[in-house]
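Please read these points with the model open beside you.

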Amino acid sequence: MTSGLDLAAERFTEQRRRLFGIAYRMLGTVADAEDVLQDAWIRWQTADRSQIREPAAFLTTITTRLSINALQSARVRRETYIGPWLPEPVNIEDDPGLGAERAESIEYAVLILLEKLTPTERAAYVLREALDYPYERIAEIVQTTPVAARQLVSRARKHLGSSRHATTDAATHRRLLEAFLAAAQRGETEQLEALFTDDVISYTDGNGVKLAARIPVPGRTRVANFVAAFSSHFWRGKAIEWVTVNGLPAVALVERGVVTTVLTAVVDADGIRRLLWIMSPDKLHHVVPAGA
């Protein structure tokens with residue numbers, strides 16, 4: 001006979017991947033998302049479940065509210081982060097629940113822009129754009145009115161709209177990364193410049209790790225010169241493995257079996273708009289090259 005706690009665990013497990021998708025889109029790291037899910041499980045475990053008619057709705061509400069609170073705390077912690085902060089790369093092929101609704105909402109191009117939003121705006125936007133929730137349900141979750149929920153999503157779209165460009169398909173994304181790798185390893189500044197948009201920016205998330213740039217590098221010529229400057233030593237001794245992170249092709253640099261860097265980009269029809277180097281060891285645990 002199934003106990004009440006066993007049934008509670010079964011219901012939670014059924015929703016876990018979707019809940020993780022909400023928490024990850026809100027917080028940008030696996031560890032923070034897992035912490036939120038642990039808190040959500042405790043609240044679900046101790047709730048009067050006999051009074052809960054829709055477990056999925058209850059769990060979504062708890063997870064979203066906990067994520068709002070966690071994001072407020074996380075942003076305070078990030079004030080002491082060394083250098084740019086980027087979301088942690090995840091593989092939605094390993095965790096298909098992350099991309100089950102609208103996979104584009106987990107791409108780096110979107111996650112980086114989401115950092116501009118308030119926690120409540122971000123929650124409303126994620127629920128609407130990733131999960132297609134009606135405004136009435138969003139209002140219940142973020143504790144406001146349907147009209148105010150619609151305004152939250154509208155403001156979020158406006159914040160993001162001025163900065164967002166139409167991204168390309170995975171094949172074009174990989175082709176540009178391949179061309180970048182070839183030019184970067186040879187230090188060919190002209191070829192690199194030809195791949196970049198005028199407003200390209202290179203971000204390195206290293207949190208103080210050796211060789212990680214601590215400030216963003218903006219502009220076509222500056223980024224090309226920056227990349228060319230370390231062409232003679234940065235790539236030496238590293239195996240280059242293709243991986244899929246956040247739904248798009250990326251490169252893992254591997255030294256003695258350990259992933260030390262993930263390189264990906266934000267790409268649109270005009271070229272590479274953002275170079276993203278993730279070098280913080282804490283954010284590389286879940287990147288596994290195909291050959292590993």
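In which hand, left or right, does α3 pass α5? The points below start from that crossing; the model is a predicted one.

1. The crossing of α3 and α5. Helix α3 passes α5 in a right-handed crossing. The residues that make this contact are T60, T64, I68, L71, Q72 and R75 on the α3 side, and P119, T120, R122, A123 and L127 on the α5 side. Sorted by class, the contact residues are 5 nonpolar, 4 polar and 2 charged.

2. The geometry of that pair. Helix α3 covers residues 55-77 and helix α5 covers residues 119-129. Their axes are 9 Å apart, and the packing angle is about 140 degrees. The pair is therefore described as oblique. The cut-off matters here: an angle has to be over 145 degrees to count as roughly antiparallel.

3. The chain as a whole. The secondary structure comes to 10 helices and 6 strands. The radius of gyration is 20 Å, close to the 19 Å that the globule rule gives for 292 residues, so the chain is as compact as a globular protein of that length. Along the principal axes, the C-alpha trace spans about 65 × 45 × 35 Å.

4. Burial and contacts in the chain. Of the 292 residues, 50% count as buried. Among contacts with a separation of 6 or more, 67% are between residues 24 or more positions apart.

5. Residue G4. This residue lies in helix α1, which covers residues 4-27. Is G4 buried, partly exposed or exposed? Its relative accessible area is 46%, so G4 is partly exposed; the exposed class begins over 50%. From G4 to T221 the C-alpha distance is 63 Å, and the two are 217 residues apart in sequence.

6. Residue N246. Where does N246 lie? It is in the loop between β3 (239-245) and β4 (248-255). N246 has a relative accessibility of 1% and therefore counts as buried, the cut-off being under 20%. Neighbours within four places in sequence aside, N246 is in contact with Y24, E88, P89, V90, I106, E107, Y108 and L111. The phi of N246 is near 50 degrees, a positive value in a residue other than glycine.

7. Residue D132. Phi is also worth checking at D132, where it is positive, at about 60 degrees, although D132 is not a glycine. D132 lies in the loop between α5 and α6. With a relative accessible area of 44%, D132 is partly exposed, whereas N246 counts as buried.

8. The pair α6 and α7. The axes of α6 and helix α7 (residues 146-161) come within 8 Å and cross at roughly 95 degrees. That angle is why α6 is called roughly perpendicular to α7, a class that runs from 65 to 115 degrees. On the α6 side the contact is made by Y135, E136, I138, A139 and V142; on the α7 side it is made by P146, A149, R150, L152, V153 and R157. How do these residues divide by class? There are 8 nonpolar and 3 charged residues, with no polar ones, while the contact of α3 with α5 has 4 polar residues.

Notes: Residues numbered from 1 in each chain as written. Predicted model: local features only at pLDDT ≥ 70, side-chain atom pairs only at ≥ 80, totals over all residues. Heavy atoms only, no water. Axes fitted to C-alpha atoms, helices over the stretch in contact; angles between N-to-C directions. Helix = DSSP H or I, 4+ residues; strand = E, 2+ residues; numbered from the N terminus. Parallel < 35°, antiparallel > 145°, perpendicular 65-115°, else oblique. Left-handed = near helix turned anticlockwise from the far one by under 90°. Contact = heavy atoms within 4.5 Å. Nonpolar A, V, L, I, M, F, W, Y, C, P; charged D, E, K, R; others polar. Buried < 20%, exposed > 50% of the residue type's maximum accessible area, 1.4 Å probe, protein only. Rg over C-alpha atoms; globule rule 2.2 N^0.38 Å.
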